[in-house]
Amino acid sequence: MEYDKKISLNKELQHLNNLLEEATKTLRELELQEASVPRAEQEVNFVRKLKDQKEKVEKIQNDIVQKQEELLFLDPESKKTENSKLEENTSKIRGGDTDFFVNRNRELVELSKDTCPPFIILRDPAGYGKTYLLKKLHSNFSSIGGHKSVYINFDETPQARTSIYNFLCCFLNIVDTKIRIPEGTSLAWLQNQISGNLGHFSYKNVLVIIDSLDLLSNENEVLAYIWNDFVRTLSKSLQGAQKFRVIFSGRYIESLWKGDWKHNLRKLQIGAGEGLAPFDENVVVEAIRVICERKNKHAVSDLDMEIIAREVVQVSGGNPKCIMQILNELDTLNFKINLDINSSTYYFSSEIKRKFIRDYIDPELDVILRGVSPSVREALIVLSAFRGFNSSTILALAKASFIKWSDTPSSLLTALVSETHLITGPNEQSPLFSDRIARLMLVSKLQNDNNGFDYNKITQFAIDLYKQWNAGLDVDGSTLPNRPSDQLQLFLIKEGLYHYCEWILLRKVNPVVALNEIRDYLTSQVKLLISPFGENGISDLVEQLKNKVEADAQVVSLLNKSVGYLERDQLMESL
């Protein structure tokens with residue numbers, strides 16, 4: 001009787017697994033559609049269809065868990081072999097590791113496009129969802145007919161780091177799980193087997209993903225082999241494939257780029273940004289909503305979700321891992337903790353913010369800034385108050401005793417770039433150096449340490465600094481050797497506006513007063529604009545300034561918070 005029951009359960013499990021595969025494939029297609037269409041343009045029927053499909057996948061997963069539990073009850077001996085599958089399914093259903101929370105659909109779509117460059121570098125710190133994204137891409141790619149994807153992770157396969165031979169053996173075993181590798185075989189034989197398998201005529205598109213590359217040091221022979229031989233050989237042998245792509249991923253891996261073809265490497269480009277972006281308030285609101293719906297026990301209004309999301313993003317600096325940890329803690333408290341000791345709202349109290357920084361932000365910063373000398377780290381904390389900086393910024397902050405550095409400003413800039421691996425150089429959007437990874441986390445520390453006293457002082461200093469530079473003056477009032485160009489002045493006014501709005505919010509200025517203050521600030525700064533074209537030239541520059549402000553999401557957000565959405569329009573029109 002038990003034997004017949006086991007046979008029946010196994011058949012039911014097989015059927016459910018087939019249903020899950022079909023349902024998951026449909027859900028994946030809907031998620032890709034969702035990522036390619038702005039939320040405001042999505043039809044109600046599509047949103048409902050996506051929600052229904054998610055519920056369908058979850059129900060099938062629940063049914064699988066139930067059948068597996070029944071099977072384990074009938075056959076306790078199978079518990080050891082089946083338990084891992086059961087735990088995996090249960091983890092997914094319960095949102096283990098907040099699987100539902102990793103919002104990387106835009107990046108997934110970008111990496112799935114036929115126009116994606118053949119050699120992509122994905123460089124982001126721990127906790128940003130690189131491995132999750134790449135495994136999802138690997139799964140999607142593998143499910144398409146005529147497509148072959150190979151994923152190797154040096155963290156999950158540590159033996160692959162030890163030698164070229166072990167790397168090729170591990171890689172070949174991933175490519176062909178049934179192959180038996182003879183003892184003492186040559187590197188050439190292994191490489192030929194890999195090339196021959198991937199070069200099979202049935203594969204029209206081949207994707208190779210090499211994850212956790214940063215675990216290989218510059219001296220590691222495997223790293224040199226990957227750059228100089230492995231990928232080059234694969235590229236030549238797979239010329240028959242319509243598309244051959246390689247994605248390299250790691251925390252900080254620019255310094256590991258080797259070989260004479262490294263100029264072919266491209267960073268993942270999403271909009272105007274590079275790599276995986278920090279999470280914003282919209283993503284966190286969606287995460288909270290999913291938590292509440294899945295647990296079916298939290299009663300959090302839409303307004304409270306927005307308040308929580310804003311507070312979580314502010315205190316975490318948008319770091320996905322820290323956000324996940326904070327939401328997990330809030331989840332265990334049913335989102336009912338009185339976060340502000342002076343009110344019944346969901347605004348975070350100073351004590352709660354410092355607790356989250358101590359528990360989650362500081363440990364993550366220690367990982368991100370591991371190996372950075374104390375003096376460079378302290379300078380980076382001060383510079384985080386600025387969206388960008390250069391040697392002149394460092395010199396001004398050093399003169400004002402905000403930064404303690406005995407050597408030249410350029411030497412600190414060099415140390416920041418080489419030690420932190422966080423700093424990107426000037427680009428089309430900004431003529432300054434910047435840190436997009438740790439900056440907002442460091443800002444959170446500045447705003448909450450010492451009751452934000454240091455952050456307030458630096459913000460005031462930044463406003464005065466940009467005013468001086470826009471007027472062609474140094475911080476000490478002396479004339480700069482080279483007066484700023486028109487375009488540089490526009491940039492300085494915009495950056496000054498960013499800090500001015502920050503200063504207004506820090507002081508909790510009434511919106512009506514704030515509107516007048518910002519108008520006076522902008523009017524005084526626009527008068528300093530220099531143009532050889534007379535009034536017509538000035539008018540054109542003012543129009544450029546409006547466009548630059550409106551194109552800067554951070555400045556627009558601060559303006560909206562300071563004076564309101566409608567007043568912002570009036571403000572820009574009055575210039």
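Helices (H or I, at least four residues) and strands (E, at least two) are DSSP runs, numbered from the N terminus.

I then noted that helix 8 (residues 221–237) packs on the sheet, where it touches strand 1 (119–123), strand 3 and strand 4, and that its direction makes about 155° with that of strand 4.

The model is predicted, with local features needing pLDDT of at least 70 and side-chain atom pairs counting only at pLDDT 80 or more, while totals for chains, interfaces and linings use all residues. Residues are numbered from 1 along each chain as its sequence is written, and side-chain values use heavy atoms, with hydrogens and water left out.

For the sheet, I found five strands in the order 2-3-4-1-5, forming an open sheet with parallel pairing. Strand 2 (147–153) and strand 5 (266–267) are the edge strands, each pairing on one side only; two strands pair if DSSP finds at least two bridges between them. Strand 3 (residues 205–211) and strand 4 (residues 243–250) run parallel and are joined by six bridges, and Asn 205 stands opposite Lys 243 in strand 4.

Lastly, I recorded that the protein chain has 22 helices and nine strands.

How values were computed:
Contact means heavy atoms within 4.5 Å. Axes are lines fitted to C-alpha atoms, for helices over the stretch in contact, and angles run from 0 to 180 degrees between N-to-C directions.
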